[in-house]
Amino acid sequence: MRERSLLDLDDLTSAEITGILERARRFHDDPPPRNLLRDVCVVNLFFEASTRTFTSFAIAEQRVGADVVALPPGSSSLGKGETIADTAITLAAMGVRVIVTRHPESGFPYRLAESFAGHVINAGDGRHAHPTQALLDLLTLQTEFGKIAGLRVALVGDILHSRVARSNILGLIALGAEVTLVGPHTLLPEAMQRDGVRIARDLDAVLPHIDALMLLRIQRERIAAAVLPSLDDYARNYRLDARRLEALAPGTIVMHPGPYNRGVELTEDVFAFPGWRYAQQVSHGVFVRMAVLDFLVNGAA
Ligand code: NCD
């Protein structure tokens, strides 16, 4: 039987998402014994730059007692023409049970999971999905508000190229939040409209009516110059600054998956805003990743 993987949040039922958030909360409040994944070998295979996600997976893996190997892409034989399937077969033959992977190509972890006799965790594929980021964002909302159902959450910015947005939309809808996407046509086409999701162009009109605002980075490396808006225009319409912070209702929180571009999607006023939750998000990343590893390897109990 194929082992369970986490490739995107639609691999999980709503109850499983809630269960993983609860497990992460438990690990946060009461650190588990460091042998949850004893003798389980995990390989981190990252083909794209990463500070937060890579480090946080590495810390999480150590905290649950896994044997951890980081395989830098330049050192893997994929560069010599070995196929993904053969790499997967090779790692499994050595006893590797979990591969955590990030790749610039959407769908890469899916292809890996087809051939790997173990668990694959998607740590970000192209513009497609980033399920553990969405889970840590959900944990941040849950911690703040005690629930997710009924929360009004707006995601603003480069939705089109954002794997963070795509996975968050799945998770937020699954848990019953009201989602509004905000951005210009070039970064948020009408086609991204789907059940349970509202599209807005005017950020100022949205600000007073939300519980949480998720800012996204302009993914310059993924955008053709033709659709990249002028950064001045972008800043005028969508950058979170002192004036826009004033427009938020009391108690609204502001989130960002990082890395953020100072002066583009936010000004430094945001760092002094009492509802700025970036550090909590990063910190929750470790517990969520511990919970995902435990859930996949040891089961739902
Ligand atoms: C994001 C990513 O790489 O998908 N960062 C992250 O993992 N926290 C977002 C981004 O690159 O903008």
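This is a predicted model: local features need pLDDT of at least 70, side-chain atom pairs count only at pLDDT 80 or more; totals for chains, interfaces and linings use all residues.
Which residues are around the ligand? Residues are numbered from 1 along each chain as its sequence is written, and side-chain values use heavy atoms, with hydrogens and water left out.

View 1. Around the ligand we find Arg52, Thr53, Arg102, His130, Gln133, Arg163, Val164, Arg217, Gln219, Pro257, Gly258 and Pro259 (a residue counts if one of its heavy atoms lies within 4 Å of the molecule). Look for the polar contacts, which are pairs of N or O atoms within 3.5 Å; within protein, one must be able to donate a hydrogen and the other to accept it, and residues adjacent in sequence count only if both atoms are side-chain atoms. Glutamine 133 brings a polar side-chain atom to 3.1 Å from a nitrogen atom of the ligand. Proline 257 places a backbone N or O atom 2.9 Å from a ligand nitrogen, and a polar backbone atom of glycine 258 is 2.8 Å from a nitrogen atom of the ligand. On its own the ligand has 310 Å² of accessible area, and the protein covers 94% of that (Shrake-Rupley method with a 1.4 Å probe; for residues, only the protein chains shown count as cover).

**View 2. The sheet of 4 strands.** Here the strands follow the order S2-S1-S3-S4 in an open sheet with parallel pairing. Helices (H or I, at least four residues) and strands (E, at least two) are DSSP runs, numbered from the N terminus, and two strands pair if DSSP finds at least two bridges between them. Strand S2 (67-70) and strand S4 (119-125) are at the edges with a single partner strand each, so one side of each has no neighbour in the sheet. Neighbouring strands are turned by 15° against each other on average, direction ignored. Axes are lines fitted to C-alpha atoms, for helices over the stretch in contact, and angles run from 0 to 180 degrees between N-to-C directions. S1 (residues 41-46) and S3 (residues 96-103) are joined by 6 bridges, and leucine 45 stands opposite threonine 101 in S3. Helix H4 (residues 108-115) packs on this sheet, touching S3 and S4 (contact means heavy atoms within 4.5 Å), and its direction makes about 170° with that of S4.

**View 3. The sheet of 5 strands.** This open sheet has the order S7-S6-S5-S8-S9, again with parallel pairing. Because strand S7 (197-200) and strand S9 (253-255) each have a single partner strand, one side of each is left without a neighbour in the sheet. The twist averages 20° from one strand to the next. Between S5 (residues 152-156) and S8 (residues 212-215) there are 4 bridges, and valine 153 has alanine 212 as its bridge partner in S8. Helix H5 (residues 131-145) packs on the sheet and touches S5, S8 and S9.

**View 4. A pair of rings.** Phenylalanine 47 and phenylalanine 108 are edge-to-face, at 5.3 Å centre to centre and 65° between the planes. Rings of Phe, Tyr and Trp (its six-membered ring) pair if their centres lie within 6.5 Å; planes under 30 degrees apart count as stacked, over 60 as edge-to-face and the rest as tilted.

**View 5. Two backbone details.** Glycine 258 and proline 259 are joined by a cis peptide bond, with omega about -5°. Aspartate 39 has a positive phi near 65° and lies in the loop between helix H1 (14-29) and S1.
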